[in-house]
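This report describes selected features of a structural model, from strand pairing to helix packing and chain dimensions.

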Amino acid sequence: MRRAARIDRLGVLLTVAGAAALAFLPFVVFKHNRILPGDPLGLFAALPAPAAYACVATLILAVVTALGVGHAKTRFIVALVGIAVVAFAIAMAGTALTPPGNRVVRVAPGAGGWLLLATLVLMATDALTRLRPRPLTRVLLLVLCAVAAGFALGHGVFDQLSIMREYAVNAGRFARELHVHLWLALGSLGAALIIALPLGILCHRVPRLRAGTLGALNMIQTIPSIALFGILMAPLAALAAAVPLAAQLGIRGIGAAPAVIALFLYSLLPIVANTVVGLKRVSSAAVEAARGMGMTPGQVLARIELPLALPVILSGVRIVLVQNIGMVTIAALIGAGGLGAFVFQGIGQTAIDLVLLGAIPTVAMAFAASVLLDALVETLDRIPP
Amino acid sequence: MIRIENLSKQYGATTVVDAVSMEVERNTITVIVGTSGSGKSTLLRMINRLVEPSSGRVLIDGKDTRSEPAHLLRRRIGYAIQGHGLFPHRTVAQNIATVPHLLGWSELRIGARVAELLRAFQLDPAEYAGKYPHQLSGGQQQRVGVARALAAEPSVLLMDEPFGALDPIIRSKAQDDLLDIQRRFGTTIVLVTHDIDEAFRLGQRVAVMSQGRVLQYDRPAALLTRPADSLVARMTGLADRALRLLSLTTAGQIATPGSAGGPTIAASASLRDALSEILWHGAESAQVVDERGAPRGSLTVAAILAHGRPE
C-alpha cells in the first residue's frame with residue numbers, strides 16, 4: 001500500500017504553539033505570597049532536570065504523533081498521556097518549589113503551562129472528532145477522565161498548587177456553594193420543564209399561539225442576565241414587603257428567588273422551541289394512523305408524538321442545562337451564592353486562583369452535562385423519524 | 001354490512017360530501033373512486049369518525065357508529081393509509097400489535113396473531129418481527145401497514161389510497177395480495193383510490209364520486225356498459241372501454257370444452273390479456289389451462305370479442 005507522506009496541518013499549528021509556549025512563556029509562576037505578582041519560571045527552572053527531560057520527551061512524542069504518524073486512536077491516547085504528564089509536571093513543580101512547611105508561597109501554572117495543556121486538549125479533541133466514538137464510549141471516556149482527576153485530587157497530587165491552597169482554605173464553603181450552584185441550575189431547569197413542555201405542546205397544537213409565544217420568549221432571551229436580575233429585584237422586594245408569606249418563603253429582591261426566576265425565564269425558549277420543532281417533525285401519517293386505529297388523543301401524544309420528538313426536546317434541555325450551569329455564576333452577583341461567589345470574590349481581591357476555583361469546576365460541570373446529554377440524544381435518535 | 005344514510009360534510013360554506021347514501025355488502029371489496037377533491041377520502045373517514053359527519057348517519061351491522069366513543073369504534077375497524085403510517089420507533093411486531101394492545105389482548109395471543117399475519121403477508125416472523133420500519137423496502141412497509149390494520153381481526157377494513165406510494169410493479173403485486181387476503185379473512189373492505197384501473201381490478205362494486213356526490217354505484221361492468229351520465233363514462237374511459245370490459249372477465253369463465261390451436265393461456269388471465277396473447281401469436285384461438293397446467297378447454301377470438309360490447 002502506497003501512502004503519501006503528508007504532514008497534518010493542525011499538527012503543525014499545535015507544534016508551533018506548543019514550542020512557543022515552552023520556549024517563550026513561563027511554565028509556572030512562583031509567588032512569594034497570594035497577592036504579589038509572581039516570578040515566571042521555565043520548565044527547566046521549575047523542575048528537577050530528569051523530570052523536565054521526561055516531560056520534554058513526552059512532548060516530542062506528542063509532536064511526532066500530531067504531525068501525522070499514526071492513527072487517530074494513537075493520537076488520542078498520546079494526547080491524553082501528554083495532558084496527564086504536563087498536569088503532573090505542573091503539580092510536581094509546585095511540590096519542588098514550595099519549601100517544606102511553607103503555607104505562604106504560591107505556585108500556579110504559567111501562561112506556557114496553560115497553553116501547553118490547551119494544545120494537547122485541542123489535539124485530543126481533534127482526534128476524538130475523527131474517531132467518532134459511539135455515545136456509550138464517550139460517556140465511558142468522560143467517566144474515566146473524572147475518575148482519574150478525582151483520584152489525583154484525592155491523593156493530594158495538586159495540593160501544593162495555589163488553586164488547591166485556595167480550596168483548602170475554603171473547603172467547607174466550596175461544598176456548600178457547589179450544592180447551591182447545582183440546586184439553582186437544576187431547580188430552574190425543572191421548573192422550566194414543568195411549564196415549557198405543556199406550553200410547547202400547546203404551541204404545536206394551536207398555530208396561532210406559536211408566533212406570539214416564541215416571540216415573547218425570544219425577547220426575554222435578549223435581555224442581558226445582569227439586567228434581568230436587576231429588573232426582577234424591585235418587584236420581588238415589593239412582593240416580599242407586601243406579602244409576609246412570600247418573605248417567609250425566602251422571596252426577596254436579592255438572593256435565590258430572582259436568580260431562579262431569571263434562569264427559569266431563560267430556560268423557556270430552548271425547551272418550548274425544541275418541543276414545537278420536535279413535534280412538527282413527527283410524521284403526520286404516523287399520527288393519522290394512530291388516531292385511525294383508535295388511540296385516544298392522550299395515547300397519541302404519550303406513545304407516538306412525545307417519544308418521536310424526545311431527541312429534539314432533549315437537545316433543548318441540553319442547551320438549557322449547559323447555559324444554566326454557566327449563568328448561575330453571574331447570579332452570585334445578587335447574592336444567590338454558587339461557585340460564582342468565588343469568582344467575584346477572587347476578582348475583588350485580584351486573587352486569580354480564587355477565580356479559577358470557581359471557574360474550573362463550573363466549566364467541568366457544563367462540559368460533563370453536555371457530553372452526557374449529547375450521548376443520550378444520539379442514542380435516542382438512532383431511529384430516523 | 002355498512003349502511004351510509006344521507007351523509008354530508010360541510011366545512012363552513014363548502015360542502016365536501018353531499019348527501020351520500022350507499023350500502024356496502026359484507027365480505028366484499030367496495031372501491032370509492034374519484035378525482036382529488038371529490039370528497040372520497042372524507043366519505044371514508046366519516047365511516048370511522050376521523051371526520052365527524054355534519055348530517056346523516058352510518059350504520060355498521062345495524063348499529064349507529066355514534067353509539068360508542070369514536071376511539072372505541074376505531075379499534076373495531078381496520079385502517080390503512082397511503083405511505084403506511086408505520087410508527088418509526090416501534091418494531092414491525094410492535095406496530096402490528098398496536099390495536100390488540102389497546103384492546104388488552106394477552107401477550108400470548110398477540111404474539112400468535114403477529115406471527116400469523118406476518119406469514120400471511122410473506123414476511124418470515126423470525127427475520128422481520130424485530131426490524132424497524134426504516135429497515136424494510138417500500139413494499140414490505142406497505143404490507144406491514146395492512147397487516148397492522150388487520151391485527152385485531154376487524155370485520156371492516158378502510159383503506160385510503162393504500163398503494164399510492166408504490167411503484168407499478170410492487171403496486172400490482174400488492175393488489176393481488178389484497179385480493180388473496182380478502183378471500184382468506186373474509187374482511188369487508190372499503191378502499192379509496194383515484195386510479196380507475198385499480199378500482200376495476202379490486203372492486204366488486206365501485207362508487208364513482210365527483211364534487212361530493214356519488215354519481216354511480218354499481219358493478220364495474222355496469223359502469224362501462226350503462227354509465228349513469230357522461231361524466232361517469234368519461235371517468236371510466238370512453239376510448240378503451242371495450243378493452244376494460246374484457247379485463248373484467250377471465251379466460252376460465254368463458255372457455256368451452258375441446259381443444260383448438262394457438263398459445264396456452266392461464267384460466268385466471270383476463271380476456272384482455274388473452275386477446276393480446278392471441279394477437280401476438282397471430283392465432284385465432286388459444287388453449288386454456290388451470291394453475292396446475294391441466295387443460296380447461298379453448299377460447300376463440302370471436303368468443304372474446306363477444307364480451308367486449310354491451311349485450
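In chain A, strand β1 (residues 28-31) is joined to β2(A) by 3 bridges, and the two run antiparallel. Strands and helices are DSSP runs numbered from the N terminus (strands E, at least two residues; helices H or I, at least four), and strands pair if DSSP finds at least two bridges between them. A:Phe30 lies opposite A:Asp39 of β2(A). The open sheet has 3 strands in the order β2-β1-β3 (chain A), paired antiparallel. Because β2 (39-41) and β3 (106-109) of chain A each have a single partner strand, they stand at the edges and one side of each lacks a neighbour in the sheet.

The model is predicted: local features need pLDDT of at least 70, side-chain atom pairs count only at pLDDT 80 or more, and totals for chains, interfaces and linings use all residues. Residues are numbered from 1 along each chain as its sequence is written, chains are lettered from A and ligands numbered from 1 in the order written, and side-chain values use heavy atoms, without hydrogens and water.

The axes of helices α8 (residues 207-222) and α11 (residues 256-280) of chain A come within 8 Å and cross at roughly 145 degrees; axes are lines fitted to C-alpha atoms, for helices over the stretch in contact, with angles from 0 to 180 degrees between N-to-C directions.

| Feature of chain B | Value |
|---|---|
| Helices | 15 helices |
| Strands | 13 strands |
| C-alpha box along the principal axes | roughly 60 × 50 × 30 Å |
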